[in-house]
Amino acid sequence: MNLDRKYICGLFAAMAVASFSSCESLDHTQKQWADENETIFVGKLDSLEVRSGMNRVEIVGQTTYIRTAKTCEVVYDDKKLKFNMADIVGEDGLARMIVDNLEGGNYYFDVTTYDANGNKSLTTEVYGKVYGESDVLMQTPKRITEILPQPDGTIDLYWNDAEATYIEMEYEKEDGTIEKITIDGEEEYTSIESWKLGGAINIQAFVLKNEDDLDAIKLDPLSYNFPEKIQKAIPKFGSGSKMSLGPSSDWDLTEKFTMEMMARYDELRGGDQCLISNEGSGGCFIFRNNGTNLQFYINDGGWRLAQYAPLELNRWYHFAIVYDGAAKMHAIYVDGVEVARGSNNGMLEPSSDLQLGCSTKFPDRAMYGDVQHLSIWSDVRTAEEIAEDFKNGGVFDGTEEGLKAYWAMDVNYGTVVPDITGNYNATFEKVTWVDVD
């Protein structure tokens, strides 16, 4: 059949106008049908998705084409759930239905909407996964692997590398109250400021498998306790041992300083045994013993000595050394009393590291014995202050004026230990920590 070209063009134009008019207002068209006693079919929920949860799911659907639906029916495993549309549709136009009391596994859900007269929409099948006990058992538990008290009174809880999105933790504070915190599951360790000796720690880890999941997988709770006591310990130095304190340039030692410590010797060898120094090429200082002689050297281009004798084995000493570049003076205090003094022309700028336990330049020149309560000051402590420090056992709280760093070294804090002021880290190498009852 041959059609006139003008007829064909007119037909397409009419179809376009009709299509535009029908899309312009679906509600208006349906109202016309209703006025003419035509049946308006029930619209179905569109673009259905299932959000996985622990022993439950949430079914979410678009309501764009819902017109006369009053209820929604969800069928699964021969079970039926009815929902009122008014209860499940939110302001965002999405319908949300919770299906709970489910065992873990995979499910198919049939979703159908109904109008007030019982007319129903087409049924849509949607698939979803429910997390259950088997999913919990498949996860490697997130655990605390180590509990380490720190010199500043805090305590660090170290975690294994198992998967976790976040961790909920409850623990006892020093005053006996319970603190609740949420921890990022990626943390290597968590630092706790206030904690109770022997106090309870309860954790529960959660794993969110997918960003859009309804729930994270909740792992079994685990319980721990803070230490019953802080185990006292003493660092013992010997061959190969050292406590590294970083570059001398970090300490600004050329103008003035005071250093104090408690020390006890196991051996007093005939050679040099370096206690603390930054010995190297150029300017430096050395505090050491040679046999029973206690020696404090300042290098101002030559070696300037202050010396005291005799030292004894197996006895705790409180040592203090002071250096004043402006006064061209350096001195040794033993047990709160000045015992030796030397003169110098001002220490040259040192280029080596500051180190306790052996010489930076000569590693075999090691101190054999124990050291505790090392403090470093930015000023010259007076004789009265040093006498008071001796009386207090060389112990400080970290807030004293002029105190740059202080390590009590009376608890085994491991190999990297911050000073109590929080300004400097010390690194221990081949130091043996001996527990003290």
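Analyst: To begin with the element names, helices (H or I, at least four residues) and strands (E, at least two) are DSSP runs that are numbered from the N terminus. This is a predicted model, in which local features need pLDDT of at least 70 and side-chain atom pairs count only at pLDDT 80 or more, while totals for chains, interfaces and linings use all residues. Residues are numbered from 1 along each chain as its sequence is written, and side-chain values use heavy atoms, with hydrogens and water left out.

User: OK, backbone first. Which peptide bond is cis, with omega near 0 degrees?

Analyst: That is the bond from Ala309 to Pro310, and Pro310 sits in the loop that runs between strand E22 (303–308) and strand E23 (317–324). As background, most peptide bonds are trans, and most residues other than glycine have a negative phi.

User: What is phi for Asn314, then?

Analyst: Phi of Asn314 is near 55 degrees, a positive value in a residue other than glycine, and Asn314 also belongs to the loop between E22 and E23. Asp335, likewise not a glycine, has a positive phi of about 50 degrees, and its place is in the loop between strand E24 (329–334) and strand E25 (337–343).

User: Is Asp335 buried or exposed? And Asn314, buried or exposed?

Analyst: Buried means under 20% relative accessible area, exposed means over 50%, and partly exposed is in between (1.4 Å probe, protein chains only). Asp335 has a relative accessible area of 17%, so it is buried, whereas Asn314 has 56% and is therefore exposed.

User: Which residues are closest to its centre?

Analyst: Of the 23 residues that line the largest pocket, Gln150, Pro151, Ala408, Asp410 and Tyr413 are the closest to its centre. Strand E28 (403–407) and strand E29 (416–418) are the elements that give two or more residues to this lining. By class, the lining has 17 nonpolar, four polar and two charged residues, where Ala, Val, Leu, Ile, Met, Phe, Trp, Tyr, Cys and Pro count as nonpolar, Asp, Glu, Lys and Arg as charged, and the others, Gly among them, as polar.

User: And the second largest pocket, what lines that one?

Analyst: The second largest pocket has a volume of about 230 Å³. Its lining comprises 15 residues, of which Gln150, Asp156, Tyr158, Val416 and Pro418 are the closest to the centre, and the elements giving two or more residues are strand E9 (155–159) and E29. Seven of the lining residues are nonpolar, five polar and three charged.

User: How many aromatic pairs does the structure hold?

Analyst: There are 20 aromatic pairs, counted when the rings of Phe, Tyr and Trp (its six-membered ring) have centres within 6.5 Å, with planes under 30 degrees apart called stacked, over 60 edge-to-face and the rest tilted. One of them joins Tyr171 and Phe226 edge-to-face, at 6.2 Å centre to centre and 90 degrees between the planes. That pair links distant parts of the chain, 55 residues apart, with Tyr171 in strand E10 (residues 166–172) and Phe226 in the loop between strand E15 (222–225) and strand E16 (233–237). Tyr171 and Phe226 are both buried.

User: Which residues do ring pairs link into a cluster?

Analyst: The cluster consists of Phe257, Phe285, Phe287, Phe296, Tyr317, Phe319 and Tyr323.

User: Last one: what does the side chain of Ser359 contact?

Analyst: It makes a polar contact with the side chain of Glu279 at 2.8 Å, a polar contact being a pair of N or O atoms within 3.5 Å; within protein, one must be able to donate a hydrogen and the other to accept it, and residues adjacent in sequence count only if both atoms are side-chain atoms. A polar atom of the Ser359 side chain also lies 3.1 Å from the backbone nitrogen of Lys361. Ser359 is in the loop between strand E26 (353–356) and strand E27 (369–377), and it counts as buried because its relative accessibility is 1%.

Terms used:
1 Å grid on protein atoms, 1.4 Å probe; cavity = no way out; pocket = protein on both sides within 12 Å on 5 of 7 lines; lining within 4 Å. Points joined across faces, edges and corners; volume = space filled by probe spheres on them.
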